[in-house]
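Please walk through the fold shown here, from strand pairing to helix packing and then to the relation between the copies.

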Number of protein chains: 2
Amino acid sequence: MRLHLNENTAGCSPAVLDTLRALGRSDVGFYPDYDAARDAVADGLGVPLDHVLLTNGLDEGILAAAAAAFRDRSGDVPEALGVAPAFDMYETCVTALGGRMVTVQLDEEFTLRVEDLTAALTPRTRIVFVTNPHNPSGCPVPLERLRTLARLVTPALLFVDEAYVDFSGGTLLTPGAFSAMPNLVVGRTFSKAYGLAGLRAGVLVATPGVLAPMTRVVPPYSLNAWAAAALPVAIADRRYRDWYVDQAKTSRALLSDAVQRLGLRTWPSAANFVLVRVKGDVSTSVSALAARGILVRDRSGEAGCEGCIRITAGVVADTERAVAALEEVLCGAR
Amino acid sequence: MRLHLNENTAGCSPAVLDTLRALGRSDVGFYPDYDAARDAVADGLGVPLDHVLLTNGLDEGILAAAAAAFRDRSGDVPEALGVAPAFDMYETCVTALGGRMVTVQLDEEFTLRVEDLTAALTPRTRIVFVTNPHNPSGCPVPLERLRTLARLVTPALLFVDEAYVDFSGGTLLTPGAFSAMPNLVVGRTFSKAYGLAGLRAGVLVATPGVLAPMTRVVPPYSLNAWAAAALPVAIADRRYRDWYVDQAKTSRALLSDAVQRLGLRTWPSAANFVLVRVKGDVSTSVSALAARGILVRDRSGEAGCEGCIRITAGVVADTERAVAALEEVLCGAR
């Protein structure tokens, strides 16, 4: 049971699979067309078409945003600012491009404090990465705090990674967002609630002016034809997406209750995963769960995540089996 | 008839489509695994596994190579060197990353001259891009010339884009290549002979040391699961690939003969396309062909390609229809 990468444990909507199976040899052989996919994504997000840049998973979006922010090569080594712990692709992309990643350590509650971030701004800060809900804790960040942050980090970009927002509902993508926050870039992925991780489909949302240099980093045929065909169908199957979001919400409550019953520390997650501080040796717990067929993510190597594992909250029936294994393993590890 | 993007006009091997149709909802939902695909690619190219970096189409490989070459941000704006005319992604990637693209104009025969390139080297040159066979002329570059170039451009990287090498046979990937040319990066794509353009699958081949900083630019889940599943099957179906290469070779001879009969200038192509200098207004010819259902590529806007269109040489039956239309349209345009 794959509970280590925050995938959709049910896979994609059956309607998506039907669509993919109807594709033919020329769809494999020809470069893709994105018109229908872009329309569906813009419409689904409620944003204008020119605010949308499809990316080969959100990872490519993070790279494109960093590359665009670092494009000006005059002056010192450019910096990106973020929090720790965080999704590792921010730092990977920033350093791969020769930039410097500056991070602010979150406290025990994983609270994002505007003043801590602004205190770390320098004239070299080009982009600020924040994930909402936070990964790996799942804690939601108040939107008002992000709006303040967008204002205070200007002229740097504020990149808000909303990879898990389908499970929290707290999106910055509301009418007027880009008038109030012209330096905002919102990242979304279809890997989670929509279950398209294997097809690689993400999107950046920003004003056309902010997107333009990012568009040049993303190759003209970045998404594959299967992702392009899947997106309109996945977005249209709202019932499937809503069903899965409900499953994940129920599952995270089950997981959270279970680990609290076991006397373990966890945090209020708004995402499709929960972070748990286990007792004793983390790798022993991870291996013991793996031996029972349950893969979880060892996050204990990161500052602020000492002793922690992250568990995906997916289909409820799977979670119930996972809870039984957790009780067995983590109870023994106390 | 799509003869404008040098795709495989027959699409992928039927065996590839069978494999793709057998994939299920969890293949869509889960992040891909690349072990089988990497093994098949390394084995197919006859190179060690640690010399291979799979990329989301070769476009991503070009971006990754440029980003790695430009990673050091000390000193002046970094430069990439290439020829003109050329595939536009080199300049797009280089400038998107804040670098400068320096180009050497080819002569009327599209002859790559080592001394012209070395004369354009500066202390800021980090990478040199060459396509073999050349795009858009199809002219092959003697391998000995590339070996000399690799030596002379050191410490810059020599990126040899072998996108069309399946049709020419003249690859630099022979035993001992990287001992002789440690600064060599070879790019390959599965979009052409293998007909996987819609799936996006390319590869960079270089020493592990040269690949390492490029690997950091390519996200860990860059190829989609469909491309990963297709690659071993496409590579194993050697008969299909060889059949298609034969079709393309016959087609390029048919196209070349036809345009020469029409008294038009063309160049000896070793690729799956031919460049033709038409008479009169290029866009009129392109439109007239499009009206007959034949899409060709207008390359006339590039220095050295004045008056030229590029036509894909694919399945012979398609080419015969295309030749009839070309005779009608281009004869009238004389």
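In this predicted model, strand E4 (residues 125–131) of chain A pairs with strand E5 (residues 157–161) of chain A in the parallel sense, over five bridges. Within that pairing, Phe129(A) has Phe159(A) of E5(A) as its bridge partner. Both strands belong to an open sheet of seven strands in chain A, with the order E1-E7-E6-E5-E4-E2-E3 and mixed pairing. Strand E1 (52–55) and strand E3 (100–105) of chain A stand at the edges; each has a single partner strand, so one side of each is left without a neighbour in the sheet. On average, and with direction ignored, neighbouring strands of this sheet are turned by 25° against each other.

Two helices that lie across this sheet can be taken in turn. Helix H4 (residues 57–69) of chain A lies across E1, E4, E5, strand E6 (184–189) and strand E7 (202–205) of chain A, and runs at about 175° to E5(A). Helix H5 (residues 89–96) of chain A lies across strand E2 (79–84), E3, E4 and E5 of chain A, and its direction is at about 150° to E3(A).

The axes of H4(A) and H5(A) come within 9 Å and cross at roughly 45°. H4(A) and H5(A) are therefore oblique to each other. The crossing in which H4(A) passes H5(A) is right-handed. On the H4(A) side the contact is made by Asp59(A), Ile62(A), Leu63(A) and Ala66(A), and on the H5(A) side by Met89(A), Tyr90(A), Cys93(A) and Val94(A). By class, this contact of H4(A) with H5(A) has seven nonpolar, no polar and one charged residues.

In chain B, helix H4 (residues 57–69) and helix H5 (residues 89–96) pack at an angle of about 45°, with their axes 9 Å apart. That makes H4(B) oblique to H5(B). Here too the helices can be described by handedness: H4(B) passes H5(B) in a right-handed crossing. The residues in contact include Asp59(B) and Ile62(B) of H4(B), and Met89(B) and Tyr90(B) of H5(B).

Another helix pair in chain B is formed by helix H3 (residues 35–45) and helix H10 (residues 225–236), whose axes come within 8 Å and cross at roughly 30°. The crossing of H3(B) and H10(B) is left-handed. H3(B) contributes Ala36(B), Ala37(B), Ala40(B), Val41(B) and Gly44(B) to the contact, while H10(B) contributes Ala228(B), Leu231(B), Pro232(B) and Ile235(B). Sorted by class, the contact of H3(B) with H10(B) has eight nonpolar, one polar and no charged residues.

Chain B also has an open sheet of four strands, in the order E8-E9-E11-E10 and with antiparallel pairing. Strand E8 (265–266) and strand E10 (297–298) of chain B stand at the edges, each with a single partner strand, so one side of each is left without a neighbour in the sheet. Inside the order, strand E9 (residues 273–277) of chain B runs antiparallel to strand E11 (residues 308–312) of chain B, and five bridges join them. Arg277(B) stands opposite Cys308(B) in E11(B). Helix H12 (residues 282–291) of chain B packs on this sheet, touching E10 and E11 of chain B, and its direction makes about 30° with that of E11(B).

Some backbone details remain. Most residues other than glycine have a negative phi, and most peptide bonds are trans. A cis peptide bond joins Asn135(A) and Pro136(A), with omega about 20°; Pro136(A) is placed in the loop between E4 and helix H7 (143–153) of chain A. In chain B, the peptide bond from Asn132(B) to Pro133(B) is cis, with omega near -5°, and Pro133(B) is found in the loop between strand E4 (125–131) and helix H7 (143–153) of that chain. Asn6(A), in the segment before helix H1 (14–21) of chain A, has a positive phi of about 55° although it is not a glycine.

Finally, the two chains can be compared. A rotation of 180° with 0.0 Å of shift along its axis superposes chain A on chain B, with an RMSD of 0.0 Å. The two copies are thus related as by a two-fold rotation axis. The same surface serves both copies, in that 98% of the contact residues of chain A recur in chain B. Of the residues of chain A, Arg21(A) comes closest to the rotation axis, with its C-alpha at 2.6 Å.

Definitions and conventions. Residues numbered from 1 in each chain as written. Chains lettered and ligands numbered in written order. Predicted model: local features only at pLDDT ≥ 70, side-chain atom pairs only at ≥ 80, totals over all residues. Heavy atoms only, no water. Least-squares fit on C-alpha atoms with pLDDT ≥ 70 in both. Contact = heavy atoms within 4.5 Å. Pairing = 2+ DSSP bridges. Axes fitted to C-alpha atoms, helices over the stretch in contact; angles between N-to-C directions. Parallel < 35°, antiparallel > 145°, perpendicular 65-115°, else oblique. Left-handed = near helix turned anticlockwise from the far one by under 90°. Nonpolar A, V, L, I, M, F, W, Y, C, P; charged D, E, K, R; others polar.
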